[in-house]
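I opened the notebook today to go through this structure piece by piece. Here is what I looked up, in the order I looked.

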Amino acid sequence: MTGSNVQDYADLPLIHLYCAAMFRSLRSLQQFNCYRLTFQRHSVSNKLFSTSTMACSDFRIERDTFGELKVPADKYYGAQTVRSTMNFKIGGPTERMPIQVIKAFGILKKAAAEVNKDYGLDPNVADAIVQAAEEVSAGKLDEHFPLVVWQTGSGTQTNMNVNEVISNRAIEIMGGKLGSKEPVHPNDHVNKSQSSNDTFPTAMHIAAATEIHHVLIPGLQTLHDALAAKAEEFKDIIKIGRTHTQDAVPLSLGQEFGGYVQQVKYSIERVKAAMPRVYELAAGGTAVGTGLNTRIGFAEKVASTVASLTGLPFVTAPNKFEALAAHDALVELSGALNTVAVSVMKIANDIRFLGSGPRSGLGELILPENEPGSSIMPGKVNPTQCEAITMVAAQVMGNNVAVTVGGSNGHFELNVFKPMIIKNVLNSARLLGDASVSFTNNCVMGIQANTERINKLMNESLMLVTALNPHIGYDKAATIAKTAHKKGSTLKAVAVELGYLTEEQFDKWVVPSDMLGPK
């Protein structure tokens, strides 16, 4: 409080001064004075609170083209945001627009304000918009974005939510009255040269690219490197292979893990291959792609500014009609994420099955023991990280179905499944990135090879007989395998008994370490 404010409160009891101090961070002097008057009234009756304590400042009145609405006094959003909360009571707080989209909007609105300033927007207004937009992108105003995904399919309500918040915050920065739309108007200034139809898809792409760059790719790289380290560690451990879940010929445990390494390597490459289309921004297309109400060069300058702000190679979309009417770029990206999910599902399933046991399963791998596994079976430990990442994979596959359906429903000049599409793409990217790190740190890095069990299973396998094919032919080798299985005997004993070869020949030809590659 300033010196004059302190003088205003000189006649108040200490408790009221304390309460006034609690509200010293309120965002407008008008709101603060309202509390002051309330406390003064209560000082007469010696009551601190009543049902009318905040009546004078609970709400302010704002207007949209449909009329007046009460807006919470402590919120920066306006009438259109309130109207959306009234019309779309779907899902509650858990279904709010992903905060990544809101932060992406902050980046976009800052870029647009800077470009509009070059085209003649009042510098004071532009600078206030830029400051407010920076606060949005930094996550400082998250509480002012209450809208859910399930709204208009163009995302118009969220665009206006952002416009209203930035407008009112900019008004406050400039010393104006919240809700007045002066000197910063949400449509005329914050949304200048823009439409929801091009800003929302632009925010979608910024959010998706940022999530991929900062969460998914680093997570997959972490998993890749850990699996590569295990492949090297296990390169000299020879084990029995399995096809159709049945015994097959030997390979090294390092080779088996090398397959996982390659899958993750390709996963990273597939995601990166989809990104050039995601880096194309719709900004400048406005309502239907024609660029109505923009200036020549606006689209290119906005994309360049966004690229500078994010450090990512964004460019203006070469065809704005496609950028508004279709979201094939995000469908493609979701398809890549779906393939990543397929890969991690296979990898995690292999690892948990190879680690099954500890006494009655395959037991070739010893997995880290992280927590108790049962509320009734003492001492039980489960492959929980494998279970977590495979559940993530299943969710990503489901997300991809939703994105596919949404992407296929671009009608004429506008796709109207935008919020749902980006919700699922962001969810997939975040889950896969986080799960990859969790799986790496809490499982992969601690995997050990159970060499005793591996050797036992390999030496008992009937498929070692495959090494005899070049020497005695497929049919005789098959007879040895089938007879050994029927009698519960060894391959060597049966081969000698049938007279197909000597013990010395068997020992020379059936050597697992010689069966790991071409001759």
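Entry 1: I began with the largest cavity and read off a volume of about 30 Å³. This is a predicted model, so I kept that in mind throughout. I also checked how many cavities reach 30 Å³ or more, and the structure holds one.

Which residues line the largest cavity? I noted L108, A112, S193, Q194, D198, T199, A283, G284, F298 and V302. Sorted by class, I have five nonpolar, four polar and one charged residues around the cavity.

Most residues other than glycine have a negative phi. S193 is not a glycine, yet its phi is positive, about 65°. I found S193 in the loop between α8 and α9, and it is also one of the residues lining the largest cavity.

**Entry 2: α5 against α11.** Two packed helices are described by the angle between their axes and the distance between the axes. For α5 and α11 the axes come within 9 Å and cross at roughly 130°. That angle makes α5 oblique to α11. I noted the crossing of α5 and α11 as right-handed.

From α5, the residues in contact are I107, L108, K110, A111, A112, E114, V115 and N116. Their partners in α11 are F298, K301, V302, T305, V306, L309 and T310. By class I wrote down nine nonpolar, three polar and three charged residues for this contact. L108 and A112 of α5 and F298 and V302 of α11 take part in it, and these four are also among the cavity-lining residues.

**Entry 3: α9 against α13.** Next I followed α9 to helix α13 (residues 328-354). Their axes come within 13 Å and cross at roughly 20°. Angles under 35 degrees count as roughly parallel, and α9 and α13 are therefore roughly parallel to each other. The crossing of α9 past α13 is left-handed.

Which residues make the contact? On the α9 side I listed M204, H205, A208, I212, L216, L220 and L223. On the α13 side I listed A329, L330, L333, L337, V340 and V344. The class count reads 12 nonpolar, one polar and no charged residues.

In α6, the contact residues are A128, I129, Q131, A132, A133, E135 and V136. They meet V165, I166, R169, A170 and I173 in α7. Here I counted nine nonpolar, one polar and two charged residues.

Entry 4: Then I moved on to the largest pocket, which holds about 480 Å³ of space. Its lining has 23 residues, and those nearest the centre are G355, G357, P358, E369 and V381. The elements that give two or more residues to the lining are β7 (365-366) and α14 (384-407). Which element gives the largest share of the lining? I found that α14 does, with three residues. By class, the pocket lining divides into nine nonpolar, 11 polar and three charged residues.

**Entry 5: cis peptide bonds.** The bond from G357 to P358 is cis, with omega near 10°. P358 sits in the loop between α13 and β7, and both G357 and P358 are among the pocket-lining residues nearest the centre.

The other cis bond joins E182 and P183, with omega about 5°. Where is P183? I placed P183 in the loop between α7 and α8 (186-190).

Methods: Residues numbered from 1 in each chain as written. Predicted model: local features only at pLDDT ≥ 70, side-chain atom pairs only at ≥ 80, totals over all residues. Heavy atoms only, no water. 1 Å grid on protein atoms, 1.4 Å probe; cavity = no way out; pocket = protein on both sides within 12 Å on 5 of 7 lines; lining within 4 Å. Points joined across faces, edges and corners; volume = space filled by probe spheres on them. Nonpolar A, V, L, I, M, F, W, Y, C, P; charged D, E, K, R; others polar. Axes fitted to C-alpha atoms, helices over the stretch in contact; angles between N-to-C directions. Helix = DSSP H or I, 4+ residues; strand = E, 2+ residues; numbered from the N terminus. Parallel < 35°, antiparallel > 145°, perpendicular 65-115°, else oblique. Left-handed = near helix turned anticlockwise from the far one by under 90°. Contact = heavy atoms within 4.5 Å.
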